[in-house]
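Keep the viewer open as you read.

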Amino acid sequence: MLTDYENWLSFSPYRISQQEKESLYLPYLNELTDYHRHQCPPYNHALQIFNYKKATTLSEIPFIPISIFKNMTLKSIPEKDIFKIITSSGTSGQAVSHIYLDQKNAQTQQQALCVLGQQILGSKRLPTLIIDTPEVLTNRKSFNARSAAILGFSLFAKKKYFALHPDLSLNMDVLNEIKQYATQPFFIFGFTFMIWRYFYEALHQCQYTLDLSNAILIHGGGWKKMSHIAVSPNTFKTNLQNQTQLRHIYNYYGMAEQTGCIYIECEYGHLHASIFSDIIIRHPQTFVPCKTNETGIIQVLTPLATAYPGHSILTEDRGILLGIDDCPCGRKGKYFNVLGRIPHTELRGCSDVYR
């Protein structure tokens, strides 16, 4: 049995210093590594290949490449306990990750997402506009990253509205209906490319005026596709503000392999690790941890991956550590920026694929 970690859900997510956090993480992640070794034979085999030894620092916690979830079944629970399967998005013909959750692990990830979302949205449920089509939620047992995120953020919804028809055209009836919320707080959620392509560009093309000055937009994923059409984060924000008067826009970084453990952007444009997750930036050739302001590959860690060995993953994303415990926003812990995918890796984004 694993040590009880659920009291962490009661912690303020950004009040603990990095030193305090690592004193919590190191013994627990060592315990979690050992637990998954005994519960998941393929994971144990991977550790044997890398000559695994118990970690004495957080950077020594063994990691596995994120692509392994596309090629192997990695789970530490019996078949009968599978409550939900999360899949990453992938283009036609590409392999996708399969993440197996039991009910407890799914609930914990959902609770973590709720705690993090409340830092921006508050504790009251809000009218919510989802920049997607309701058909994305058709299968409640098996979700891809896009549908899982929509369902997760629906926790904050007092009433849900979907901005798009099944063919991804604007639902003008819905847009007209949400005008009633122009003078009150309002939540908008969607994936970055979906928002740009099917919301912003469509509004701009038909010259439809929408006052979203009181709305809060949280979005993530799809920046590789955005870079292909030469849309930077600053362009994304500026154009949305000009078209809809949106002033409160928050990007986040996350992945299907660690659902719920998202890294949300602060008012200074920095992504923050919370009590539920951490990062290490590693040199792309030596895998030695990078220093502040050095570019490398992002490793993500979380104590919440108990049903599968996803507590320490090397991603395919480049990032840069900006600082520790000293962001002007006041949040403790590490803060960083994501610079895009490692060149020549396969396209694998939460919102890069749509129909």
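By class, how many nonpolar, polar and charged residues does the lining of the largest cavity have? Before the answer, a word on what you're looking at: this is a predicted model, where local features need pLDDT of at least 70 and side-chain atom pairs count only at pLDDT 80 or more, while totals for chains, interfaces and linings use all residues. Residues are numbered from 1 along each chain as its sequence is written, and side-chain values use heavy atoms, with hydrogens and water left out.

Now the answer: seven nonpolar, two polar and two charged residues make up that lining. Here Ala, Val, Leu, Ile, Met, Phe, Trp, Tyr, Cys and Pro count as nonpolar, Asp, Glu, Lys and Arg as charged, and the others, Gly among them, as polar. To find the spot, pick out the lining residues, including I178, Y181, F186, L210 and D211. The volume comes to about 70 Å³.

How do you find a hole like that? Rolling a probe the size of a water molecule over the atoms shows where empty space is left. In this case a cavity is a set of points, on a 1 Å grid over the protein atoms alone, where a 1.4 Å probe fits but cannot get out, and lining residues have an atom within 4 Å of a point. Grid points are joined across faces, edges and corners, and the volume is the space filled by probe spheres set on the points. Searching the whole structure this way turns up three cavities of 30 Å³ or more.

The second largest cavity has a volume of about 40 Å³. Its lining draws on P13, Y14, R15, I16, K21, A273, S274, I275, K332 and G333. Sorted by class, that's five nonpolar, two polar and three charged residues.

On to the charges. Side chains of opposite charge can pair when their charged atoms come close. The rule for a salt bridge is a side-chain nitrogen of Lys or Arg within 4 Å of a carboxyl oxygen of Asp or Glu, and the count comes to ten.

One of them joins R37 to D34, with the closest N and O atoms 3.3 Å apart. Both residues sit in helix α1 (residues 18-39), three residues apart, about one turn of the helix. Helices (H or I, at least four residues) and strands (E, at least two) are DSSP runs, numbered from the N terminus. R37 is partly exposed at 27% relative accessible area, and D34 is partly exposed too, at 33%. The cut-offs are under 20% for buried, over 50% for exposed and partly exposed in between (1.4 Å probe, protein chains only).

K75 and E79 form another salt bridge, at 3.2 Å between the closest N and O atoms. K75 is buried at 18%, whereas E79 is exposed at 54%.

Then there's E177 with K159, at 3.9 Å from N to O. E177 belongs to helix α6 (residues 172-177) and K159 to strand β6 (residues 157-162), so this pair ties together parts that are 18 residues apart in sequence.

Back in helix α1 you'll find N30, which is buried at 7%. Apart from neighbours within four places in sequence, N30 is in contact (heavy atoms within 4.5 Å) with Y52, K54, A55 and I61.

Last stop: H204 in helix α7 (residues 192-206), partly exposed at 47%.

Notes
On a 1 Å grid over the protein atoms alone, a cavity is a set of points where a 1.4 Å probe fits but cannot get out, and a pocket is an open set with protein on both sides within 12 Å along at least five of seven lines; lining residues have an atom within 4 Å of a point.
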